[in-house]
Amino acid sequence: MLPTVPPPPREPGCAWHAHQHGTAAEPVARAWLAGELGGAPAALALTRDAHGRPRLGPPFAHFSVSWSHSGAGLLVALGEDVEVGVDLERLRPRPRANALAQRFFTAGEAEWLRRMPGATRELAFVRLWCAKEAVLKAHGRGLAFGLHKLAFAERDDALVLAACDPALGVPVAWSLREFAPQPGYRAALAWRPRDATAATA
């Protein structure tokens, strides 16, 4: 008899919220999460781990949550049986995109950006930044882990994780969705099965 193969995890959900710059994002995230999971926002067991990552406690410990705010927007992501990370960036001129790429990205990514015309380069820079930060937030260490420790490549107009530090697991375990949640914004949602996280933690 063939072994039973569990179905792949469902893609995490993500919601946009208007958010005033300089105000706390967690109360908005908590209210949305409580609505999705059921119950009162104040009763939701939402804490931070040693690296500052938000964690849900029982009975929702099998869910993963992430949020990101930029400009006047806030994105909150929720996934079941996965580790999820989301990043949101407001589009604006980035004249130092090349210099930042040379400093923080891999050599291949920096060269990919350098060959692009200005306006295209700025959008590609934001796409890469969002993708990298989303994966690192899902991993649980955030930017402190190092943007250079993972490399993306563009295939069929979409970014895919091509290589990464062993602490992040294997690239094929990661899924990434790029999108524009509102005009003037770019975002990335990254996730991998939670068992893959446990195997490489």
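For this tour, Ala, Val, Leu, Ile, Met, Phe, Trp, Tyr, Cys and Pro count as nonpolar, Asp, Glu, Lys and Arg as charged, and the others, Gly among them, as polar. The model is predicted, so that local features need pLDDT of at least 70 and side-chain atom pairs count only at pLDDT 80 or more, whereas totals for chains, interfaces and linings use all residues. Residues are numbered from 1 along each chain as its sequence is written, and side-chain values use heavy atoms, with hydrogens and water left out.

**The whole chain**

Begin with the entire protein in cartoon view. Its secondary structure comes to five helices and 10 strands; these are DSSP runs numbered from the N terminus (helices H or I, at least four residues; strands E, at least two). The C-alpha atoms fill a box of roughly 55 × 50 × 30 Å along the principal axes. The radius of gyration is 17 Å, which agrees with the value near 17 Å for a compact globule of 201 residues; it is taken over C-alpha atoms, and the globule rule is 2.2 Å times the number of residues to the power 0.38.

Next, display the surface. The protein exposes about 10,300 Å², of which carbon and sulfur atoms supply 57% (Shrake-Rupley method, 1.4 Å probe; for residues, only the protein chains shown count as cover). Of the 201 residues, 46% count as buried, meaning under 20% relative accessible area, with exposed over 50% and partly exposed in between (1.4 Å probe, protein chains only). Among contacts (heavy atoms within 4.5 Å) between residues at least 6 apart in sequence, 52% join residues at least 24 apart.

**The largest pocket**

Select R48, G52, R53, P54 and K137, which are the closest to the centre of the largest pocket among its 17 lining residues. On a 1 Å grid over the protein atoms alone, a pocket is an open set of points where a 1.4 Å probe fits, with protein on both sides within 12 Å along at least five of seven lines; lining residues have an atom within 4 Å of a point. The volume is about 240 Å³, that is, the space filled by probe spheres set on the points, which are joined across faces, edges and corners.

Then colour β4 (63–70), β6 (82–90) and α4 (118–139), each of which supplies at least two residues of this lining. β4 gives the most, with five residues. By class, the lining divides into four nonpolar, seven polar and six charged residues.

**The second largest pocket**

Move to S70, E89, R90, R92, P93, R94, P95, R96, L100, F125 and W129, which line the second largest pocket. Its volume is about 190 Å³. Here β6 and α4 each supply at least two lining residues, and the lining has five nonpolar, one polar and five charged residues.

**Inside helix α4**

Which residues does K132 touch beyond four places away in sequence? Select this residue in α4 to find F105, T106, E109, L147, L150, A151 and F152. K132 is buried, with a relative accessible area of 0%.

T106 counts as buried at 18% relative accessibility, and its contacts beyond four places in sequence are K132, H148, L150 and A151.

Finish at L136, also in α4 and buried at 0% relative accessibility. Beyond four places in sequence, L136 is in contact with R141, G142, L143, F145, G146, L147, L150 and L168. The C-alpha atoms of L136 and G146, 10 residues apart along the chain, are separated by 8.3 Å.
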